[in-house]
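Hello,

Here is the structure I promised to pass on. Please have a look, and then read on for what turned up in it.

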Amino acid sequence: MRRSSATSPVLFFLLAATGGCGEGPGSEPFTPPDYMRFQEFEAGRHTLFGLPPENGPIGEECCMPTCTYVEDGEIKTWTAPQYTDEDLQALRDDWELAEPWPVFEGNDFEPPPPEEGVNTWVCGVLPRPDLQGDEGGPMPYDLVSYETQAEAEKAGAMVTHGGKCGACSSLRNLAVYIANPNLTEPVRRCGLTGLIDRDLSRLACIASLGFDLPCAQAWDINTRNTQKQCLRVCGDPSVRKAPGNKPYECNPEGFVPNDINLVNECLACDEEYSLRLFRAAAGRSRRGSGLPSPICRTCENVQRIVHRYPVPGR
Amino acid sequence: MIRERDRLGACLAVGMLAIGWSGSALAEPQTREEESATCDEKPPEPECKRECTYRCTCRRGIYATDYKNLILIIAGSTFAGRIELEYERALHDRVSIFGAFYAVAFDSLGNDTLVGFGGLAGARVNLVGRAPEGIWFAWQVGGFRRNARGNQDVQLRGMQTGGMFGWTGVWSRFALSLGAGFTYSYGRVKVLEQSVNDSEWNPWLRLGLGVAF
């Protein structure tokens, strides 16, 4: 990878004067999230999935990186793995998308109409050793959408997220998701930067978080749509500064939590107007990838996936 | 000459305060007559720094500065880490041209990932007052370039054009410029090996502070 090339002497002076020569987020060492604080709590039927901020509106006893589920008549629990820097490096270095995901042309993206019935689709990483050169290097792979997990496994693919594949399904983008547990905040700031700078910097700013271009476009599509649909709600400073989640008790009486009534008004608006658009464009969502975020969600849409992909033949 | 101009500026300011001027001077042309009467220290014609072609007098007053040049810091965009300097020169009582250079060196919003620079040039046509003061309409074109600061290879290059209505005032040597308009940006974003054309319309607000000379 190349470093940025700011060659202008004036720019150099300004950088020096403002002390702005730090590294971007892509180069910061990854610190795995702290799971210790959840150890004393046990997940229950109404426990939410996430990594709530300390002293936030939802306590660790009600939101943790663990979900309960029923399998073969038994109640089981699943905890999202804690990934290390080596895991992230393996996602970036060991695998290479055989055919880059195409960029979105034009400013408008029309999502396909919602499908009937239960969405059982998964996106699989299908290794392509036949495309690998003799000199080794990263393993080429295809991203293939399968109707069920069983189909993916039968085809020799490793499931990387629930739902059909999209612009953010690649393992390189997955590494960005894992390295940034809270992507909503930096992407929102990129949206504001673009609005103030007026020079298309929003898309470049999102890409600079580490995404490839099609995935940055998917986030940009989401940001633009949310700015358009939710400007009034999200423009209110009191809403914008509010915690992501509303207060929540683990044993709700008469309250059926869903992903919209758990979050603040701005996020609820984003969820209502942009989620379908984003999922169609990006494919990969945090919940669909089994990755906890600081915003607690129900376990309903969380996929239980471990993101360690052994390279065939190694 | 300069000292005299400052003295006259101060005199004019006192005059404006005395008559309760609050931005409605345009609708009250007699105000300027009153100022001229109060500040009856107008320099003789030959001392005028600038040849008057529009009003045919050299009296100082609202929207009739002697100065032909402005240097402004566009403070509004500094909020987003953009340091922008603009130079404007009046060519005529009604027309001025300007050029600006900006660098994006930091980001107060906390993104801190993109650096870059850009330049723009344009012309202002005064609707009220004598350039570079008064109420104006401006049109500009420019280009910009941005790069990611981190390891990710991101490049952005593009062009921009836009129009704006605004107002510039000069007191003594201090200049304030405000405006609002729209810009259209068109460019190419390149990330790793992929690139795409992008375009967008954006609102454009202006707050400039500087000096006249």
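Helix H2 (residues 85-93) of chain A packs against helix H4 (residues 171-179) of chain A at an angle of about 155°, their axes being 7 Å apart. Helices here are DSSP runs of H or I with at least four residues, numbered from the N terminus; axes are lines fitted to C-alpha atoms over the stretch in contact, and angles run from 0 to 180 degrees between N-to-C directions. H2(A) and H4(A) are therefore roughly antiparallel to each other (angles over 145 degrees count as such). H2(A) passes H4(A) in a left-handed crossing (the near helix is turned anticlockwise from the far one by less than a right angle; clockwise would be right-handed). On the H2(A) side, the contact is made by Leu88(A), Leu91(A) and Arg92(A), and the H4(A) side includes Leu171(A) and Ile178(A) (C-beta atoms, placed from the backbone, within 7 Å).

This is a predicted model, where local features need pLDDT of at least 70, side-chain atom pairs count only at pLDDT 80 or more, and totals for chains, interfaces and linings use all residues. Residues are numbered from 1 along each chain as its sequence is written, while chains are lettered from A and ligands numbered from 1 in the order in which they are written.

There is another pair to look at. Helix H7 (residues 213-229) of chain A and helix H10 (residues 265-282) of chain A also pack at about 155°, with axes 9 Å apart. That makes H7(A) roughly antiparallel to H10(A). The crossing of H7(A) past H10(A) is right-handed. Among the contacting residues are Ile221(A) of H7(A) and Tyr273(A) of H10(A).

Best wishes

Technical notes. Helix = DSSP H or I, 4+ residues; strand = E, 2+ residues; numbered from the N terminus. Parallel < 35°, antiparallel > 145°, perpendicular 65-115°, else oblique. Contact = placed C-beta atoms within 7 Å.
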